[in-house]
Amino acid sequence: MSREYAPYSQPLWRRLLLTREWAVIALLAVVVLYSLANVRNFDGPLTLTFLLLDTAPILLIALPMTLVIVTGEIDLSVASIVGLSSVLLGVLHEAGLSIPVAGLLAILAGVACGAFNGFLVAYVGLPSLAVTIGTLALFRGLAVGLLGTKAITDFPDSWKDLATATIGDTGVPVVMILFVVLALLFTLLLQFTTFGRGIYDTGLNPEAAHFTGVNVERTKFILFVLSGAVSALAGVYYTLRFGSARGDNAVGLELQVIAAVLLGGVSIFGGRGKLHGVIAGVLLIGVISSALRLESVQVSYTNVIIGLLLVASVMSPSVLAWVSGKTARRNKRGPGPQSAPVGVGTQGR
Amino acid sequence: MKFHSKRTTAFAALVLSGAMALTGCGGDAEGGGDNGGSEDVSITMLPKNLGNPYFDTSTAGAKAAAEEIGATLEEVGPQEATADAQVQYINTAAQQGVSALIVSANDPTAICDALNQARDAGTKVVTFDSDTEPDCRDLFVNQATAEGIAKVQVDLIAEQIGDSGEIAILSASANATNQNAWIEMMKQDLEANHPDIELVDVVYGDDDDQTSFDKTAALLQSHPNLKGIVSPTTVGIAAAARYLSDSEFKGKVALTGLGTPNQMREYVKNGTVEAFALWNPEDLGYLATYAANALATGEIEGNPGDTFEAGKLGEYTVEDDNSVLLGEPFVFNAENIDDFDF
C-alpha cells in the first residue's frame with residue numbers, strides 16, 4: 001500500500017491499544033485468564049476442543065460476513081444457506097453420491113444462493129437488508145421443503161469422525177486448519193489487494209469509490225457469492241459434525257455471526273473493520289458462553305451479558321471519540337488522525 | 001441460586017468494565033468449588049428447551065425426586081429447541097463430570113457423539129420424552145406405548161358415547177407416522193372390542209389450528225349423526241374443542257384425544273370435553289431422576305430385567321429395548337385438571 005498518512009502524534013502503544021481490534025483481543029485474554037482461575041473445569045482438556053468445534057461455523061461465516069459488512073451491506077441469509085446446504089448434502093448423499101461430490105454440489109448451491117443475493121443487491125440495487133430477509137425465508141423454506149421434518153443421518157463414520165477429530169494431542173479440531181487457511185486468504189484479500197481497498201472504499205462512500213475506479217457492483221456481487229460459498233461450506237461441516245441433515249439446522253446462526261462481527265470492531269455502517277478483531281470477537285462470545293455454561297448460569301442471563309457487551313462495544317467508539325476529543329484539545333502535538341475517533345475513517349485501513 | 005447469580009453479576013461486571021475501560025481487574029476470586037463431596041450424585045436435567053411449560057412440569061417432578069434421593073439436580077438448556085445448542089450443554093456436563101444426565105433429545109442422532117463422549121467420561125445418560133438412537137444412552141424413560149395411547153382414546157370415547165354410534169378421527173397430517181400408527185391400532189381395537197361403534201371418517205387438520213377448526217366444522221356437517229370425535233393430536237383436539245364450545249353441538253358431540261391441560265382447561269370446565277388423555281410429565285421427570293440415580297449409584301446397569309424403586313411410583317423393570325415405561329397414559333378431567341400447569 002503506497003498511501004501517505006499524516007504523521008501520527010500519539011505513541012505507538014497507545015495507537016495499538018486504542019484500536020477496537022486490540023481492545024477485543026485484550027478483553028478476550030482477560031476473560032480467558034479470569035475463567036482459568038475462577039471457573040471450575042474451564043482448565044479441563046475438553047474446553048478448547050468443544051469451544052472451537054462449537055464456534056467453527058460462526059468463525060467460518062464471520063470471514064465473508066466481515067467483508068460484506070465493511071462494504072456497508074449485510075447478509076442475513078447465511079444461516080438459511082447453512083440449512084439448505086446441510087439438506088442438500090443429506091439428500092445427495094442418500095441418492096448415492098460420495099461426500100466430497102455431494103459436498104461440492106452443496107457448496108455450488110451456496111454459490112448460487114450468494115449469486116442470487118448479490119445480483120439483487122449489486123446489480124438491481126435493492127437494499128441488502130430487505131433482500132436477505134427475503135432470502136432468509138426463501139432458502140430456509142427450500143431446505144425444510146426438501147426434507148420436511150425428517151432428518152437424514154446416514155453419513156459415513158470416517159467423515160463424521162473427521163469433523164470432530166483433533167490434531168494430535170493439542171485438542172485443536174482438524175476443522176481449524178480449514179479455518180486458518182480461509183482466514184489467511186480472506187486477510188490477504190482484504191488487507192493486501194486492490195480489491196480489498198475497494199471494499200473499504202465502497203463502505204466509506206460508494207459513489208466516491210466508483211469515481212476512483214472501484215467496480216462497486218462487482219465487488220459487492222463477489223462478496224455475496226463468497227458469503228454463500230463459505231456458508232454452504234459451514235453447512236457441510238455442520239452436517240458432518242452432528243451427523244444429521246435437517247432443514248432447521250443452524251436456525252438463528254446469522255445473528256450470532258453478526259453479533260460477533262460487530263463486537264470485533266466492524267462498523268455496521270461500513271468502511272471499517274479487520275478480521276483479527278472479528279476472530280477475537282467470535283472467540284470472546286464463545287469463551288463467555290462456555291464459562292457461564294460451566295457455572296450453570298441460565299442461558300437467559302448469558303444472553304443478557306452478551307447483549308450488554310455488544311451494546312457496550314457498539315457504544316464504545318462514541319465514548320472513545322469523546323475521550324480522544326478531550327485529549328486532543330489538551331495535546332497540541334499536531335493535527336492528524338488522533339483527532340479522528342477510533343472507529344472512524346482511515347485508521348481502519 | 002443466590003451464589004450463582006452473585007457470580008453472574010461479578011462476571012458481567014468484569015466483562016463490562018473490561019469492555020469499556022480495558023482495565024479488567026474484576027472482583028476478587030470467588031471461585032473454587034463449594035459443591036460438597038464428590039460421592040454425592042449430581043444430575044443435570046437437559047430438556048429440549050427452557051421456558052416450555054411441559055418441561056417445567058417434568059423438571060418439577062425431577063426436583064421432587066432429587067430431593068427425596070438426596071441428589072443435586074440442575075436444570076440447564078437452550079432457549080431454542082435445537083440439537084446444536086443441546087450439544088453444548090452435553091459437552092458442559094461432560095466437562096463438569098456430573099454423575100448423570102437426563103435429556104430429551106432435539107435430534108435422535110445429532111447429539112449422539114456428544115452423549116457418548118460424556119458417557120466415556122463416566123456420565124450416565126438417561127433419555128426421556130424424546131429418545132436418541134439406543135446406542136448413545138443407558139436408558140430411555142418412555143412416557144407411553146403406541147398401544148397404550150391408542151387404547152386409552154378408544155376407551156374414553158366408548159365411555160363418553162355409551163359404546164355405540166358414529167365417531168370420526170381428526171388427525172394431524174396424512175403422513176404423520178405416530179398418528180397413523182395409533183389410528184391403525186384404534187381401528188383394530190374398535191373392531192375387536194366395540195362392535196357398535198362405527199368409525200365413519202378420518203380427516204386431517206395438518207396440525208394447523210385453522211385447518212383443524214375447519215375440518216371439525218366440515219365433519220359435523222357431513223355426518224349429522226356423529227356422536228364423537230377423537231383427535232390424537234394436541235393441536236387438533238384444542239381446535240375441535242374451540243369449534244364445539246361455540247356451536248350447537250356442545251355437550252352433544254363428545255370429544256376426546258390427546259391434549260394438554262392448559263389448552264383444554266377452558267373446554268373441560270365449560271362442559272365441551274369430559275376427559276382427554278396424555279401422560280403426566282411430572283411423573284415422567286420423577287421417574288427419569290430415580291432411573292438416573294439408580295444408574296449413577298451402580299444399582300442398575302440399564303440392562304433388560306434390572307429393577308429399581310422409583311419412590312411413590314413403585315418398582316420398575318427395564319424392558320428389552322433398554323427402556324422403562326412410565327405406565328398407562330394419564331386421563332385428565334374436571335377433577336384433576338387444575339393440578340397441572342403445562
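With 16 C-beta neighbours inside 10 Å, A:Asn41 counts as partly exposed, a class between buried (20 or more other C-beta atoms within 10 Å of a residue's own) and exposed (12 or fewer), with C-beta atoms placed from the backbone. Welcome to a short tour of this predicted model, in which local features need pLDDT of at least 70, side-chain atom pairs count only at pLDDT 80 or more, and totals for chains, interfaces and linings use all residues. Residues are numbered from 1 along each chain as its sequence is written, while chains are lettered from A and ligands numbered from 1 in the order in which they are written.

**Two loop residues with positive phi**
- Most residues other than glycine have a negative phi.
- A:Asn41 is not a glycine, yet its phi is positive, at about 70°; this residue sits in the loop between H2 and helix H3 (46-70) of chain A.
- A:Ala250 also has a positive phi, near 65°, and belongs to the loop between helix H11 (216-242) and H12 of chain A.
- A:Ala250 counts as buried because it has 30 C-beta neighbours inside 10 Å.

**Chain A overall**
- Chain A holds 14 helices and zero strands, where helices are DSSP runs of H or I with at least four residues, strands are E runs of at least two, and both are numbered from the N terminus.
- Of the 349 residues in chain A, 54% are buried.
- Among contacts in chain A with a separation of 6 or more, 77% join residues 24 or more positions apart; a contact needs C-beta atoms, placed from the backbone, within 7 Å.

**Helix H2 of chain A**
- Helix H2 (residues 20-38) has 19 residues and spans 26 Å from first C-alpha to last, close to the 27 Å expected at 1.5 Å a residue; the expected span is 1.5 Å times one less than the number of residues.
- Buried residues in H2(A) include A:Val24, A:Leu27, A:Leu28, A:Val31 and A:Tyr34.

**H4 against H12 in chain A**
- The axes of helix H4 (residues 78-94) and helix H12 (residues 253-263) come within 7 Å and cross at roughly 135°.
- A:Val78, A:Ala79 and A:Val82 in H4(A) meet A:Leu253, A:Glu254 and A:Val257 in H12(A).

**Domains of chain B**
- Chain B divides into domain 1 (40-143 + 281-325) and domain 2 (146-278), with bounds from an automatic or database domain assignment.
- The centres of these domains, taken over C-alpha atoms, are 33 Å apart.

How values were computed
Two residues are in contact if their C-beta atoms, placed from the backbone, lie within 7 Å. Axes are lines fitted to C-alpha atoms, for helices over the stretch in contact, and angles run from 0 to 180 degrees between N-to-C directions.
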